[in-house]
Amino acid sequence: MYRPMLRQFELVDIVRSYDPGTDENLLNKAYVFSLKAHGVQRRESGDPFFSHPVEVAGILTRFKFDHLTIAAALLHDTIEDTVATLNEIQTEFGLEVAYVVDGVTKLSKLDLKSEDTKQAENFRKLVLAMANDIRVLFVKLADRQHNMQTLHYIKDPHKRQKIAKETLDIYAPLASRVGVQKMKETLEDFAFREINPQAYETTHKRLEFLCDSLAQPLEDIEADLEALLKKTGVHARVFGRLKTPYSIWKKIMTQNTTFEQLCDILAFRVVVPSLAECYQALGVLHSEYWVVPGRFKDYISTPKVNNYQSLHTAVISPKYQRMEIQIRTEEMELEAEYGIAAHWQYKQNVKAHDGKKYLWIRSLLQIMEQANNPEEFLENTKLEMFQEQVFCFSERGELIVLPKDVTPIDFAYAVDSWLGDHISEVKINGKSMPLRTVLQNGDQIQIITSEDQMPLPVWEKFVRTGKARTHIRQFIRAQQKKKMIQRGKEKLAAALGLKKEKIKEPALTPLLSTFSCSTLADFYEALGEDILDVAEVAQTLHKKKF
Ligand code: MN
């Protein structure tokens, strides 16, 4: 069924409500441009294709992204799926919008080819490395969220499975990494439903049953908690929710509990005005309710790697309802809801339109600077490291990680040294390219070899990796040696007056020590390089009755 989508003026109104400086013309232009570009295209659901970019833009308004990001979201599929070009987008909407659209287009072309889950981590790094601007990643995540919401319309079950698996392996962890927990949960749940429908159904039903048999409805518990805190002078906002089927399922799988034992289905969030009140609220709850042992965690004094901060505890209410409780300040709540995007918003407000690209990595580094435990520091260095790497695919879809600025020759040697020694041609993303081309993230490399091909001395000037350089040098040295051996042999034969007959090598071998050589090859090479004088050698051999 076709669901009416966000209309043009509605979208503009939403963006204007949180960003009064919104360029309405730009948003209107992007809306119309995308509408026209996608034209009569339809999704598998039967909806006009245009409903998709509009939904993606809608998802991003919940993160209060600026009008440029929203415009980019509206345009995100135009390069890939319509006749529109990057140049056109740049001319019409400016560099920043074009940059984000281009980034999303590139990410969309990536494809997890291998079934190997070990590659998932590398793949996530690749996505992060490509999303130089945090907004690229957020548009991509919103794109994935809407595609997951409409996944059931896709008819091919293999395609559905593949998308769901990719979502669980790549995009949900990425959403978590940039701190948008809600998006992570949404992605996980839609993926779970597709990958294991029976488990999803069972968990979902059990959750509903437990919810129906609660001693107290959710809203009453919320009110009780608020009232209890208010009595002690803490003015808190309390929200309750059911845990998600996927999080419940994961717990059952990893903690060996059963559905019957499952009672931990409610989670409450207590948002208070100040840091001190977090601990005050915790004290109140711990003294009024039974505390579930071993569940208290202080992520305020020790934040998670994605900068998540909260106090976590689990208690049992006087009505025997077990519940998980997260206590945090408004600021921590903003961070937990919007993740890195929250920082992006601050930044945007402080330094609006300073013309500089906002590098997401920089904002992450700022977060990390506040971190004081070694684990987080390590994570920080790791992130910096993979900004210095490039991720390419082999013909078979293997992901090969190399240092930045490498060439197809480096790539070939990294895969196999024979491949490097015999590379004659390369196709990058299906197109023949020079061997000195610098590889980019996500490039698909096809190495064409030839038996006769050998490394050229000039390669040494543009390869980047030690492995390639060492191999090229070794090969060239070996070639040089071969040439000198041949030359030495020919010179000696001439000096000895041999024409067609060969040098009698078995008789020559015992005499080599006279010339301080241990092997025939060394001896010929010395002759070839004129280290030994061929006339003298011939004379000496003559005296020895050779
Ligand atoms: Mn899309």
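In the predicted model, alanine 314 stands opposite glutamate 324 of strand β6. Strand β6 covers residues 322–329 and runs antiparallel to β5, with 6 bridges joining the two. The hairpin of β5 and β6 has 5 residues between the strands. Within this hairpin, tyrosine 320 takes a positive phi near 65 degrees.

Strand β5 spans residues 311–316 and is mostly covered, with 5 of its 6 residues buried. Further strands pair with β5. For lysine 297, the bridge partner in β5 is histidine 312.

A separate description applies to β9, β10 and β11. These form an open sheet of 3 strands, in the order β10-β9-β11, with antiparallel pairing. The edges are β10 (431–433) and β11 (445–449), each of which pairs on one side only. On average, neighbouring strands of the sheet are turned by 35 degrees against each other, direction ignored. Strand β9 (residues 423–428) is joined to β11 by 5 bridges, and the two run antiparallel. One of the bridge pairs sets isoleucine 428 against isoleucine 445 in β11. Helix α20 (residues 408–415) lies across β9 and β11. The helix runs at about 105 degrees to β9.

The manganese ion has four named ligands. His52 and His76 coordinate through NE2, and Asp77 and Asp143 through OD, at 2.1 to 2.2 Å. In sequence, the donor residues follow the spacing H-x23-H-D-x65-D.

Threonine 105 counts as buried because its relative accessibility is 4%, under the 20% cut-off.

Helix α7 (residues 95–109) also packs against helix α6 (residues 86–93). The two axes come within 7 Å and cross at roughly 145 degrees. On the α6 side, the contact is made by Leu86, Ile89, Gln90 and Phe93. On the α7 side, Leu95, Val97, Ala98, Val101 and Asp102 take part. These contact residues divide into 7 nonpolar, 1 polar and 1 charged.

Values for the whole chain complete the description. The secondary structure comes to 25 helices and 11 strands. Of the 546 residues, 49% are buried. The accessible surface of the protein chain comes to about 27900 Å². Carbon and sulfur atoms hold 53% of that surface. Among contacts with a separation of 6 or more, 66% join residues 24 or more positions apart.

Notes: Residues numbered from 1 in each chain as written. Predicted model: local features only at pLDDT ≥ 70, side-chain atom pairs only at ≥ 80, totals over all residues. Heavy atoms only, no water. Axes fitted to C-alpha atoms, helices over the stretch in contact; angles between N-to-C directions. Helix = DSSP H or I, 4+ residues; strand = E, 2+ residues; numbered from the N terminus. Contact = heavy atoms within 4.5 Å. Nonpolar A, V, L, I, M, F, W, Y, C, P; charged D, E, K, R; others polar. Buried < 20%, exposed > 50% of the residue type's maximum accessible area, 1.4 Å probe, protein only. Areas by Shrake-Rupley, 256 points an atom, 1.4 Å probe, with all protein chains shown as cover. Donors = N, O, S within 2.8 Å, 3.2 Å for Na, K, Ca; no water. Pairing = 2+ DSSP bridges.
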